[in-house]
Amino acid sequence: MATLEIQVPDIGDFDEVSVIELMVKVGDTVKADQSLITVESDKASMEIPSSAAGVVKELKVKLGDKVKQGSVVLVLEAASAATAPVSEPKQAPAPVAPAQTAPVSVATSAPAAAAAASGPVDVRVPDIGDFKDVAVIELMVKVGDTVKVDQSLITVESDKASMEIPSSAAGVLKELKVKVGDKVNIGDLLAVLEGTAGAVAAQPASAAPAPVAGAAHVAAPVVTATVAAAPAHNPTTAPVGLPHASPSVRKFARELGVPLEELKGTGTKGRITQDDVQAFTKAVMSGAAQTKAQAAKAPASSGANGGSDGAALGLIPWPKVDFAKFGPIERKELGRIKKISGANLLRNAIMIPAVTNHDDCDITDLEAFRVSTNLENEKAAKSGNSASAVKVTMLAFLIKACVSALKKFPEFNSSLDGDALVYKNYWHIGFAADTPNGLMVPVLKDADKKGVMQISQEMGELAKKAREGKLSPAEMSGATFTISSLGGIGGRYFTPIINAPEVAILGVCKSQMEPVWDGKAFQPRLMLPLSLTWDHRVIDGAAAARFNAYLGQILGDFRRVLL
């Protein structure tokens, strides 16, 4: 058995690319042309194939290493019959010329293109190797953007590679000729730029490089090397370790320290976009989300089961039990939202001296008004008035009533900041939404400036986005008071946990008909259970009782909102 050193072949005009994935380990049997590692530049990701078959005896690289042409990847104990020739000069592609970029037009020479660059400039798909009908999976610019030479415009993907297509000229993007999902080929028109004279890169006359033996040809000028590139993402299979994102997005995430494997992409086929990275960063900075590393280090990291947190509080350890010895079990990891909300809820439950007042209010007349309003809206909608198609909910009336109560008792719309109390002169109401991924709290902004119809419409839109997992961090932040409603489910009373840094939260259960004494006889009235939890550091019992009583008066006679 002979040993062979497998080296990095000619990967084009790249030097010192990073190893981002190891695809084999010591002891593995590999075939000729089997991918060994994935490397990445700032523009492309690609797989490096083996030039021979055999058993991996030693790995010479690790994640994060920089490699270039000629770097030893690993040592193989090669099978004599299976050994393929080690890369010969004729098999390696010619290096891509440093100044090579996509031509302005397939049939246009460089001097003519430069002359035409002062006016509208056509940017076309350059030679991307032996690929046809590759799919556009990401648009990286929009009309009106100022584009530089070699700036990436779109990302395309075949079944073997994903690559970014650069601009061959500089200027302002006047028109984008493709959209996500389109199929493109060499020479297809991508965009029209309002160019700048002399801003078109020179195009050498050399032909496209030949492919590496046994590897897919992935040659996009400047930005893509001629080796087998990263495999196309398949959302039905488990990821091997490489997040489904373009190289520029992965570089952006590395600069911010964002763990891409913890993000859910909103792009085509679950692709992670730059907007996803920015949204996750904002969520972490605002405290609405945590990375796994943060959760592991946070004091509440084991709060779901007590763990070491109990020791920090002087409590005895959480019991460790082998549940399987008592009977069959099934273990399921908590979802990301529950892990994040669990840590926040534990902190709030421990740190806030919370008290809950329970009360009932009579909403008989309000419910009758709500039902009649919806009937009128339905009739108007059937006659063609689409503006009346909104269904009014009791929660919309509750939000409006709470704003009125918050204005009358402003300490309920405040937050503690050290030894000071911050009174907010805006009224943003959060409402708990039950979703397949867990409890989420969209925030209805400026509820004091909106009528019940508009509140109902916006609530419906926010709740839908919550169920679809499309709420942005901005749509879940800034609340001054929260309502948690179980009205559609049932129950009588409960004790909601305050959503810090708020100082109060209202819990609402299902209304029911009850006999109520009117001084002469019992009358059937629709009663709504209210559970108001408040921070005793800010609010005292008398103020809480008055708040609940006032809220009940408004819901009993909604005309009081106008007073």
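Predicted model: local features only at pLDDT ≥ 70, side-chain atom pairs only at ≥ 80, totals over all residues.
**Aromatic rings, sheets and a helix crossing**

Both F409 and F412 are buried. A pair of aromatic rings is described by the distance of the centres and the angle of the planes. The structure has eight aromatic pairs. One of them is formed by F409 and F412, with ring centres 6.4 Å apart and planes at 80° to each other. An angle over 60 degrees counts as edge-to-face, so the F409 and F412 pair is edge-to-face. F409 and F412 also belong to a cluster, in which ring pairs link them with F481, F547 and Y550.

Y550, a member of that cluster, also has a lysine over its ring: the charged end of K408 sits 5.4 Å from the ring centre. K407 lies over the face of another aromatic residue, W427, at 4.9 Å from the centre of the ring.

Helix α8 covers residues 394–408. Its axis comes within 9 Å of the axis of helix α9, which covers residues 452–467, and the two cross at roughly 120°. The two helices are therefore oblique to each other. The crossing in which α8 passes α9 is right-handed.

The next topic is the strands. Strands of a sheet pair through backbone hydrogen bonds, either parallel or antiparallel. An open sheet is built from four strands in the order β9-β16-β14-β11, with antiparallel pairing. At its edges stand β9 (120–124) and β11 (146–147), and each has a single partner strand, so one side of each is left without a neighbour in the sheet. Strands β14 and β16 pair with each other: β14, residues 171–176, and β16, residues 189–195, are antiparallel and share five bridges. Within this pairing, L176 stands opposite A191 in β16.

Further strand pairing involves β3, β6 and β8. Strand β6 spans residues 54–59, and two bridges join it to strand β3, residues 29–30, in an antiparallel arrangement. The bridge partner of T29 in β6 is V55. Strand β6 also pairs with strand β8, residues 72–78, again in the antiparallel sense, over five bridges. Here V55 stands opposite E77 in β8.

Key
Residues numbered from 1 in each chain as written. Heavy atoms only, no water. Phe/Tyr/Trp six-rings, centres within 6.5 Å; stacked < 30°, edge-to-face > 60°. Buried < 20%, exposed > 50% of the residue type's maximum accessible area, 1.4 Å probe, protein only. Lys NZ or Arg CZ within 6 Å of the ring centre and 35° of its normal. Pairing = 2+ DSSP bridges. Axes fitted to C-alpha atoms, helices over the stretch in contact; angles between N-to-C directions. Parallel < 35°, antiparallel > 145°, perpendicular 65-115°, else oblique. Left-handed = near helix turned anticlockwise from the far one by under 90°.
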